[in-house]
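Have the sequence and the coordinates open while reading.

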Amino acid sequence: MKYFFFFAIVAIALAHPPRLVEVAKEVNAMKTTWLANEAIPTRDYTQYLGALRGGVKLPEKNIAIRRDLPESFDPAEQWPECPSLKEIRDQSVCGSCWAFAATEAATDRLCIASKGKIQDRLSEQDLLTCCDSCGFGCEGGWPDMAWKWFQSTGVTSGGEYGSTEWCNSYSFPKCEHHAEGKYPPCGETQPTPECVKKCQEGYPVEYEQDKHFFKDSYYVKGGVEAIKTELMTNGPIEVDFSVYEDFMTYKSGIYQHVTGSYLGGHAVKLVGWGVEDGIEYWKIANSWNEDWGENGYFRIIAGQDECGIESDGVAGIPEL
């Protein structure tokens, strides 16, 4: 029944594309903590919101709160030996945000745990196409199950569309999600590619030998200090949140929901925090390429579980 409910919401959203230009103008007229893009192209973007709710939950981690939490934190400064912390990926024409946020955070954590010795980029393609228990591929998945898959089955290395340096590459090229830019506009959501348990030709490692595993996976219980402690100790985590029409128009600033209807769930990588004009925020890497938002990132108000951003953090510890 819950699956029917989810797809019913998506069907309604697709039948009635968001009135995003009007919403953007409304946001900017409010003069709140963020700016909306009033020049947003008239396209439907709800099909890229692929974080499913419900499903099996990971065990909760008991986090001992650190007492040295700073006012701001940037993981790229904390761990300069891990360049993946500065990368922005692109899920393209697929509702694979759940897989992108998981493999991005897992990539960072693998590098951090190995003190920079392991620079492999983990594969959203392998996770997206081969994890049957994770959900429905390009039609959405459960973040918790992605991390459980890292623990039980492992994930290979993989890069963006056209890359050759890893076991596999992503099936879809970059495209513009909510802006006009150097990439072609994103079109209709594509079917989930087939699971191929073989590395691409020329890659020197066999598929099974290329896999990376995590020794545990867990839920990061909501709470600002607990989330900060986990971030500062082990690296970025995957979070999901409720998306409303106004978020789809985000351009810059510290987002908080002010207007518009609910559209779906979206998974992203939570990387750090800070304070601007007395307002505390989370810094988050999106998977809509670097042309979107603040060079691919957005900030969202912290401390009030805005849109549920502090309620569903998941992560794990790599097996080295």
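A residue counts as exposed when its relative accessible area is over 50% and as buried when that value is under 20%, with partly exposed in between. Asparagine 295 has a relative accessible area of 60%, so it is exposed. Bear in mind that the model is predicted.

**Positive phi**

Most residues other than glycine have a negative phi. Asparagine 295 has a phi near 55°, a positive value in a residue other than glycine. Its place is the loop between strand S8 (279-285) and strand S9 (297-301).

Lysine 31 also has a positive phi, near 50°, and is likewise a residue other than glycine. The loop between helix H2 (20-30) and strand S1 (34-36) holds lysine 31. Its relative accessibility is 73%, so lysine 31 counts as exposed.

Glycine 235 follows H7 and has a positive phi near 110°.

**Helix H7**

Is helix H7 largely enclosed or open? Helix H7 spans residues 224-234, and nine of its 11 residues are buried, so the rest of the structure largely encloses it. The buried set is Val224, Ala226, Ile227, Lys228, Thr229, Glu230, Leu231, Met232 and Asn234. Lys228 and Glu230 are among them.

Arginine 66 reaches this helix region. Leaving aside neighbours within four places in sequence, it is in contact with Thr229, Met232 and Thr233. Arginine 66 sits in the loop between S1 and H3. At 26% relative accessibility, it counts as partly exposed.

**Helices H4 and H6**

Two packed helices are described by the angle between their axes and the distance between the axes. Helix H4 covers residues 97-113 and helix H6 covers residues 143-152; their axes come within 9 Å and cross at roughly 45°. The crossing of H4 past H6 is right-handed.

Which residues make the contact? H4 supplies Trp98, Ala102, Thr103, Ala105, Ala106 and Arg109. H6 supplies Pro143, Ala146, Trp147 and Phe150. Of the residues in the contact of H4 with H6, eight are nonpolar, one is polar and one is charged.

**The nonpolar core**

The largest nonpolar core has 87 residues. Leu127, Trp147, Phe247, Met248, Trp282 and Phe298 have the most contacts inside it. H4 gives the most to this core, with 11 residues.

Not counting residues up to four places away in sequence, leucine 127 touches Trp98, Ala99, Ala102, Thr103, Cys134, Ala146, Trp149, Phe150 and Val155.

**Two buried residues**

Leucine 85 lies in the loop between helix H3 (75-78) and H4. Its relative accessible area is 4%, so leucine 85 is buried. Beyond residues up to four places away in sequence, leucine 85 touches Pro75, Ala76, Trp79, Asp108, Pro236 and Tyr297.

Asparagine 168 is in strand S3 (residues 168-169). With 11% relative accessibility, asparagine 168 counts as buried. Its contacts, leaving aside neighbours within four places in sequence, are Ser123, Gln125, Asp126, Thr156, Ser157, Gly158, Gly159, Ser163 and Gln200.

**Serine 72**

Serine 72 is placed in the loop between S1 and H3. Its relative accessibility is 46%, so serine 72 counts as partly exposed. Serine 72 touches Trp273 and Gly274, not counting residues up to four places away in sequence.

**Sequence against space**

The table sets separation along the chain beside C-alpha separation.

| Pair | Apart in sequence | C-alpha to C-alpha |
|---|---|---|
| Asparagine 168 and proline 75 | 93 residues | 27 Å |
| Leucine 85 and valine 205 | 120 residues | 25 Å |
| Arginine 66 and alanine 39 | 27 residues | 43 Å |
| Serine 72 and isoleucine 279 | 207 residues | 12 Å |

Arginine 66 and alanine 39 are 27 residues apart in sequence and 43 Å apart in space. Serine 72 and isoleucine 279 are 207 residues apart along the chain, with C-alpha atoms separated by 12 Å.

Technical notes
Residues are numbered from 1 along each chain as its sequence is written. This is a predicted model: local features need pLDDT of at least 70, side-chain atom pairs count only at pLDDT 80 or more; totals for chains, interfaces and linings use all residues. Side-chain values use heavy atoms; hydrogens and water are left out. Axes are lines fitted to C-alpha atoms, for helices over the stretch in contact, and angles run from 0 to 180 degrees between N-to-C directions. Helices (H or I, at least four residues) and strands (E, at least two) are DSSP runs, numbered from the N terminus. A crossing is left-handed if the near helix is turned anticlockwise from the far one by less than a right angle, and right-handed if clockwise. Contact means heavy atoms within 4.5 Å. Ala, Val, Leu, Ile, Met, Phe, Trp, Tyr, Cys and Pro count as nonpolar, Asp, Glu, Lys and Arg as charged, and the others, Gly among them, as polar. A nonpolar core is a set of buried Ala, Val, Leu, Ile, Met, Phe, Trp, Tyr and Cys residues joined through side-chain atoms within 4.5 Å. Buried means under 20% relative accessible area, exposed over 50%, partly exposed in between (1.4 Å probe, protein chains only).
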